[in-house]
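Open the model in your viewer and keep the selection panel at hand. This tour goes stop by stop.

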Amino acid sequence: MTMHKSAAVSVDAMIEDLRKLVEVESPSRDLAALDASARAVAAVIENRLGGQAVLVESAAGPHLRWSGGGEPRVLILGHHDTVFPLGTLERRPFQVADGHATGPGVFDMLGGLVQAIHGLAALDDLSGVEILVTADEEVGSRSSRALIEELAHTCGAVLVFEGAADDGGLKTGRKGCGTFEVSIKGRAAHAGLEPEAGVNALIEAAHQVLDISALSRPEIGTTVTPTVASAGTTDNVIPAEATVLVDVRVESAEEKERVETWMATLAPHLDEAQITVSGAVGRPPMPESASAELFAMAQRIQPGILGKAVGGGSDGNFTGALGVPTLDGLGAVGGGAHADHEYLVVDAMEERARLVTGLVNAIRDSRSE
């Protein structure tokens, strides 16, 4: 293996950059906010790594690309959108106390971006490194998926900087996930005078909820969970419409196909009820086989680091499903993603940045052999 020099990593400098990013709010779908956020990320990248970060405009907001030049060998993948609405920062400002950094997006996933950038800055050579920071991961990555997959193929290895697993471990596999919406149309009638003249969409929805939940096969990692339902207008009217939202998680392509096929063929139980289904398992499963090579590298760099397959999805699902070696959960150690108690463990930042440095060098060495 080639011996590499690396520069010092400063936690204070990482905290400084993290503050800059957190204090530019970036809720998904808010194009003005995302434009400001992308420019803030670009400024941090250019300040720490040099070169020029390019904004890639899309209907979902600007994605950001940066290249270290040379033959692409490793893709650093992240996102700058967050789930928190504008105004969250005023209520929950960025701060560091008792070893934790808090504020909207510190764990998911601005802390991971900062650690990645500083880990790269410690390299003696940035050739072969490509960075993609997307604007729509939290809302399904519809506008960025093609670019993610293109760059993954080109680079041949992907490091994803979503937050670490609960124990600080890396994420070596992810379930495929998606949401379905079941829309039911019945017929309204007076609930007291002539209920028999109506077609009760709520009763039809109840049948469908039971049928849908029976699709789950938890013993092989498949969960099909009705999560949100609505029906009716007032208490003396037979409901004419109802909707049910369904969360789906699967571990295999076969289960993805089974669930999607079954959902597409839902049939009503009540005469004259009508059912329309939309949605899909939008993120395919990321098999643990996709992470095996890169996780072994991580274990050599930091002996004892753990790996864990998880249920949540990320853009690593897309790259791992393509068969491109992908390792996820390389971002912040902490917790509380999408919640008010979100936090990042400051003491872990230097080690995680060092892991980035080591992995990029190891990947480039392995690709040059």
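Angles between axes under 35 degrees count as roughly parallel, over 145 as roughly antiparallel, 65 to 115 as roughly perpendicular and the rest as oblique. The axes are lines fitted to C-alpha atoms, for helices over the stretch in contact, and angles run from 0 to 180 degrees between N-to-C directions. This is a predicted model: local features need pLDDT of at least 70, side-chain atom pairs count only at pLDDT 80 or more, and totals for chains, interfaces and linings use all residues. Residues are numbered from 1 along each chain as its sequence is written, and side-chain values use heavy atoms, with hydrogens and water left out.

**Stop 1: α1 and α2**

Select α1 (11–22) and α2 (31–49). Helices (H or I, at least four residues) and strands (E, at least two) are DSSP runs, numbered from the N terminus. The α1 and α2 axes lie 9 Å apart, at an angle of about 155 degrees. The two helices are therefore roughly antiparallel. Now show the contact residues, with heavy atoms within 4.5 Å. From α1 come A13, E16, D17 and L21; from α2 come A40, V41, V44 and R48.

**Stop 2: α2 and α4**

On the α2 side, pick V44, I45, R48 and L49; on the α4 side, I117, H118, L120 and A121.

**Stop 3: I131**

Go to strand β6 (residues 129–134) and centre on I131. Is I131 buried or exposed? I131 is buried, with a relative accessible area of 4%, because buried means under 20%, exposed over 50% and partly exposed in between (1.4 Å probe, protein chains only). Beyond four places in sequence, I131 contacts I45, L49, L64, R65, W66, L75, I76 and L120. For scale, draw a C-alpha to C-alpha line from I131 to H338: 24 Å in space, 207 residues apart in sequence.

**Stop 4: the cores**

A nonpolar core is a set of buried Ala, Val, Leu, Ile, Met, Phe, Trp, Tyr and Cys residues joined through side-chain atoms within 4.5 Å. The largest has 57 residues, and L18, I76, L120, I131, L159, L327 and V360 touch the most other members. α4 gives the most to this core, with 9 residues. Next, select L120 and its contacts beyond four places in sequence: L49, I76, L126, V129, I131, V356 and V360. Finish at a second, separate core of 18 residues, which includes A201, I212, A242 and V259.
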